[in-house]
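Colleague: I would like to learn how to read a model like this one. Please take me through a few features.

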Amino acid sequence: MNQDFKNLDMTMMFAIHDALRRELERITRITARVDEDPRHVLSTAVGWELFKKFLTAHHVSEDVTVWPPMERALAGRPDELALLEAMEAEHAVIDPLLADIDAALADRDSGLQRLGGLADTLYTRLGGHLDHEERDALALMDLTLSQEEWAAFSAEQRTRIGDDSSRYLPWLLDDIDAAKVATVLGKMPEPLRQAYATEWRAAYEDLAIWTPKADAALR
Ligand SMILES: [Fe+2]
């Protein structure tokens with residue numbers, strides 16, 4: 001978070017990107033395992049479903065509320081428009097990859113061979129996209145979007161997360177240092193902070209999001 005943003009508060013943007021990176025690490029660690037079939041882990045642990053849901057909510061919200069107003073504001077500036085096009089193109093490769101991974105999970109015969117390569121591709125493509133967005137697109141967002149447009153992006157994301165907000169906040173804060181937890185919680189309204197402290201965090205920990213279901217029953 002060392003860039004200097006003058007207009008928009010990027011705290012939540014960096015928080016979601018870091019959470020997605022954390023999950024990418026976990027997913028590739030799981031798919032590299034030889035002691036347990038990773039198809040079993042990914043299809044029964046709740047972590048894969050949460051990852052897909054929160055990633056999709058984030059990307060679709062950017063597609064709907066961030067790139068279009070930026071495109072309008074940057075009309076006639078080909079370099080900036082090319083960057084926005086690249087952002088959309090990078091998003092567009094992720095959905096098919098998620099679908100391919102789901103297909104590999106369901107394929108009892110040859111899914112296992114495909115899964116490792118697909119997870120590595122997801123790691124590279126999504127990781128590369130997040131880095132690219134942070135390197136080049138966030139500064140442009142900061143220069144281009146109004147506070148109202150930025151608020152519309154947050155609202156869109158909130159709506160798309162919907163009933164899963166009680167899982168989203170602890171997922172976002174999973175395994176990050178106390179200072180960053182405090183910064184993110186500092187952006188939240190008091191009732192959410194309270195809910196996180198008294199209920200959501202413990203419920204999320206009980207979920208053990210990367211423990212496969214059969215194992216979870218033994219806990
Ligand atoms: Fe983003």
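Colleague: Where is Asp4 found?

Modeller: This is a predicted model. Asp4 lies in the segment before H1.

Colleague: Which residues of H7 are buried?

Modeller: The general idea comes from the helix turn. An α-helix has 3.6 residues a turn, so residues three or four places apart point the same way. In H7, the buried residues are Leu115, Ala119, Leu122, Leu126, His129, Leu130, Glu133, Ala137, Met141 and Thr144.

Colleague: What do the buried residues of H7 pack against?

Modeller: They pack against helices H1 (11-31), H2 (38-44), H4 (67-73), H5 and H6 (94-106).

Colleague: How do the axes of H5 and H7 cross?

Modeller: The axes of H5 (residues 78-92) and H7 (residues 111-144) come within 11 Å and cross at roughly 145°. The crossing is left-handed. On the H5 side, Glu80, Leu83, Met87 and Glu90 make the contact. On the H7 side, His129, His132, Glu133, Asp136, Ala137 and Leu140 make the contact. By class, this contact has four nonpolar, two polar and four charged residues.

Colleague: Where is the kink in H7 centred?

Modeller: The kink is centred on Ala137 and is about 45°. Ala137 is also one of the buried residues of H7, and Ala137 takes part in the contact with H5.

Key: Residues are numbered from 1 along each chain as its sequence is written. This is a predicted model: local features need pLDDT of at least 70, side-chain atom pairs count only at pLDDT 80 or more; totals for chains, interfaces and linings use all residues. Axes are lines fitted to C-alpha atoms, for helices over the stretch in contact, and angles run from 0 to 180 degrees between N-to-C directions. Helices (H or I, at least four residues) and strands (E, at least two) are DSSP runs, numbered from the N terminus. A crossing is left-handed if the near helix is turned anticlockwise from the far one by less than a right angle, and right-handed if clockwise. Two residues are in contact if their C-beta atoms, placed from the backbone, lie within 7 Å. Ala, Val, Leu, Ile, Met, Phe, Trp, Tyr, Cys and Pro count as nonpolar, Asp, Glu, Lys and Arg as charged, and the others, Gly among them, as polar. The bend at a residue is the angle between axes fitted to the seven residues ending there and the seven starting there. A residue is buried if 20 or more other C-beta atoms lie within 10 Å of its own, exposed if 12 or fewer, and partly exposed in between; C-beta atoms are placed from the backbone.
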